[in-house]
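Subject: Structure handover and salt-bridge findings

Dear colleague,

Please find the structure below, followed by an account of what was found in it.

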Amino acid sequence: MTVKLGVTMKRLLYRNCFKLTHCRYSTSVHQDSVLSAFRTICGEDGVSLGQAVREQHGKDESVHRCRPPDVVVFPRSVEEVSALAKLCHSHHLPIIPFGTGTGLEGGVSAVKGGVCFSLRNMEQVVDLHQEDFDVTVEPGVTRKGLNSYLRDTGLWFPVDPGADASLCGMAATSASGTNAVRYGTMRENVLNLEVVLADGSILHTAGRGRRPRKTAAGYNLTNLFVGSEGTLGVITKTTLRLYGLPEAVVSAVCSFSSVQDAVDSTVQILQAGVPIARIEFLDDVMMEACNRFSGLSYPVSPTLFLEFHGSQQGLEEQVHTAEEITQSNRGSDFQWAQDTQSRERLWKARHDAWYAAQALRPGCKAYSTDVCVPVSRLPQIIVETKEDLIENRLTGPIAGHVGDGNFHCLLVVDPNDTEELQRLHLFTDRLARRALALDGTCTGEHGVGLGKRALLCEEVGPVAMRLMQGLKKTLDPGNLMNPGKVLQLETE
């Protein structure tokens, strides 16, 4: 039985075949042979040409339109990933890695067609070393899944982007989240990576099986692949730092009359050496949205959500210092969330901010900006951003990881209103360039993906871009690994 492939894969296979045979219609044999080889590697159920499956793997949670791959494969081991990559490499087929599809920058869109490597069947916690505080996991293991696995060990993995994302996917995008102010981002918490390169070779970035807490051996290949967004290779294992569960945890909410007061409090808390675990900012519009969506009743004003981790005695000191600082900046008394249920409800409301924003305009879609600036510049950029939103008639509540200067404007737009979409794109460009002018970055944690490639050029400059492009050409000379993302190449 002849199996029909997508137009892009036909074109790619034909291009490769024509060089050898000069026969346009001989590709049907090659199509069947490639699919047969995929099935030999992954099993009959490990290859899908179904439209619904391809569309599911052609879109993440961003506003970028669905760009489905021509075929989806479901490898079960690094050996299968390697064999598939070798096959794609020999036939010049693009490779798009897929974890859970929770990205926000179109990173899984198959802009050149090709083969999606869906890694959900690789779901093993491979090695746990409790005494060394590290663990190695495959791409199908998610953040929540790992912490559930660790529940009885007294350990946890704190990097929390909100979504229950694949940990290898989080490494690929250099994700962070609400706990980064204390525990760092993925970049600080990845010790080693196993990566399948474009030609199918398997790389261990810090050496096979190695997991030292620090190293000065050679170039830092691990951090080269953290944040590479699938453009340099497929991450098939990541070794992560773990942390001891804190003895005590307490959360609080504090309202302010101005953005400046909230940010001043944050800076002073950090300067005082308070090891705060989370300190999140929500503007008045976001607070109103969260109150409605999550059934809360907090004041509708600029607000900080705070969380403290430590011993009981240590917490008392942290809280006392933080409360003194907030009150000196005209903050309200702390509203406490001390028991587990209250804390979970509070932070669920913060993590549900995306859905709370969407609920402001039912039927519309949300787009999240991701700029990050030095903390001292936050009041200026937030005030200017709110003025820009009002002036351009855009709905965009603001929430941010104020402790590290990263904030998100959750823009809610009608996808069928071309004029509003144009205002959205112009606004996001202005915001990104505003951040760059304040010595910041266009993306703090979501990545570059499809939409920020030009901004990346402006941010790092021509010398850095030439170096990145050279690295890409060295590791992936055929531009097969997630093409069209991060870098703008001459071949695209």
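**Salt bridges and overall fold**

In this predicted model, Arg-433 and Glu-458 form a salt bridge through their side chains, at 2.5 Å from N to O (a side-chain nitrogen of Lys or Arg within 4 Å of a carboxyl oxygen of Asp or Glu). Arg-433 belongs to helix α16 (residues 418-437) and Glu-458 to helix α17 (residues 453-475), so the pair ties together parts that are 25 residues apart in sequence. Helices (H or I, at least four residues) and strands (E, at least two) are DSSP runs, numbered from the N terminus. Both residues are partly exposed, Arg-433 at 36% relative accessibility and Glu-458 at 42%; buried means under 20% relative accessible area, exposed over 50%, and partly exposed in between (1.4 Å probe, protein chains only).

A second salt bridge joins the side chains of Lys-386 and Asp-283, at 2.9 Å from N to O. This pair links distant parts of the chain, 103 residues apart: Lys-386 is in helix α15 (residues 378-391), and Asp-283 is in the loop between β13 (278-282) and α11 (284-294). Lys-386 is partly exposed at 22%, whereas Asp-283 is buried at 1%.

The side chains of Arg-143 and Asp-160 also meet in a salt bridge, at 3.2 Å from N to O. Arg-143 lies in helix α5 (residues 143-149) and Asp-160 in the loop between β7 (155-156) and α6 (167-173), 17 residues apart. Arg-143 is buried at 8% relative accessibility, and Asp-160 is buried at 8%. Together with Arg-278 and Glu-307, these two residues are linked in a network of salt bridges. The search of the whole structure finds 24 salt bridges.

As to the chain as a whole, it has 17 helices and 18 strands. Buried residues make up 55% of its 492 residues. Of the contacts (heavy atoms within 4.5 Å) with a separation of 6 or more, 70% are between residues 24 or more positions apart. The C-alpha trace spans about 80 × 55 × 45 Å along its principal axes.

Regarding conventions, residues are numbered from 1 along each chain as its sequence is written, and side-chain values use heavy atoms, with hydrogens and water left out. Local features need pLDDT of at least 70 and side-chain atom pairs count only at pLDDT 80 or more, while totals for chains, interfaces and linings use all residues.

Yours sincerely
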